[in-house]
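Please open the model in your viewer and keep the sequence panel beside it. The stops below can be selected one after another.

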Amino acid sequence: MARSPAHVALLSLAVLLLLPTAWSATFTMTNNCGYTVWPGLLSGAGTAPLSTTGFALAHGASATVDAPAKWSGRMWARTLCATDAATGKLSCATGDCGSSSVQCNGGGAAPPATLAEFTLDGSGGLDFFDVSLVDGYNLPMLIVPHGAGGGNGSADAGKCMATGCLVDLNGACPVDLRVMAAATSAGASVGGGGAVACRSACEAFGTAQYCCSGAYGSPNTCRPSTYSQFFKNACPRAYSYAYDDSTSTFTCAAGTNYAITFCPSTTSGKYSGENPQAAGVQPTDGTMVYLGGEQLATGDASVAARASQLLLAVALAVALL
């Protein structure tokens, strides 16, 4: 007996409803810095592209970007961007993606840049995410999960939490890692011409021990350095070097949405008076040297605790707002 088109459509819908749900996510980006930033977005290899790869985000503005199922990639904020009057090309002092335009078009962030990294609906039906300072730092960033996903119920609730780096580290950055405004090509400045970014030791020195390469290419041989510990003490939930997984990767059930805030605070890009010293990070004019894992001091546990408490407090304020 021939089936009507309506009957066929109903059967098709029933089949689709029986299939496993393909979860996606919505990213809401908010700029709480006291200046415009230009978010960049890069999809991972073999991952469907997003609807945009870059845009301008004014102070106080928000924008949403939807990600397809199984998406992976990274996001960051470009700063001190300017368009050349003669060529029309856009360049940014930090986080530049090399596209010479607002859209990054498949280009990644030039280090140093604070990165938000995501893998949606990965192993076990979980989203994996982190804030990474492995490629250096250019501004504070906060990721807050919103709404439990409808995916695999085995998600570890203890790992579905806010993460990020709330402290402005540019002023406290060791001298040999600093990127100064006077050395940039954008022609603008933030912070009165001071430091605008803080490089990683790998980028600054290029040695295998800092880059976790060659003979140092495993967790057993690549240990934290005094440089990476500088980042870790201030931002205990952020990646500070390549093998910093245990304290820096977070998971939520697939289908969770995420709020990403640049310069998170409730009033301004300066954290309502918070500064590196408030999180236990002291400005330094000296240089730092690599120490082996046995020699490296782990840092004051109370510093990490205070920084973690600050992150939770700001995450709660963002959620309430």
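Predicted model: local features only at pLDDT ≥ 70, side-chain atom pairs only at ≥ 80, totals over all residues.

Residues are numbered from 1 along each chain as its sequence is written, and side-chain values use heavy atoms, with hydrogens and water left out.

**Disulfides**

Begin by selecting the cysteines: the structure holds 8 disulfides, a disulfide being a pair of cysteine sulfur atoms within 2.5 Å.

Select Cys97 and Cys104. Their sulfur atoms are 2.3 Å apart and form a disulfide. The angle about the S-S bond is -90°, a left-handed link.

Next, select Cys160 and Cys252, which are joined by a disulfide with an S to S distance of 2.0 Å. This link of Cys160 and Cys252 is right-handed, with 95° about the S-S bond. It links distant parts of the chain, 92 residues apart: Cys160 is in the loop between β8 (141-146) and β9 (163-165), and Cys252 is in strand β12 (residues 250-253). Helices (H or I, at least four residues) and strands (E, at least two) are DSSP runs, numbered from the N terminus. Cys160 is partly exposed at 31% relative accessibility, whereas Cys252 is buried at 0%.

Move to Cys165 and Cys235, a disulfide with sulfur atoms 1.9 Å apart. Cys165 lies in strand β9 and Cys235 in the loop between α4 (226-234) and β12, so the pair ties together parts that are 70 residues apart in sequence. Cys165 is buried at 0% relative accessible area, and Cys235 is buried at 2%.

**Nonpolar core**

Now select Phe27, Phe118, Leu169, Tyr258, Ile260 and Phe262, the residues with the most contacts inside the largest nonpolar core, which has 45 residues. Helix α4 gives the most to this core, with 4 residues. Such a core is a set of buried Ala, Val, Leu, Ile, Met, Phe, Trp, Tyr and Cys residues joined through side-chain atoms within 4.5 Å.

Finally, centre the view on Phe27. Which residues does Phe27 touch, not counting residues up to four places away in sequence? Among them are Ala63, Val65, Trp71, Met75, Phe118, Leu120, Tyr258 and Ile260, where contact means heavy atoms within 4.5 Å.

How values were computed:
Buried < 20%, exposed > 50% of the residue type's maximum accessible area, 1.4 Å probe, protein only.
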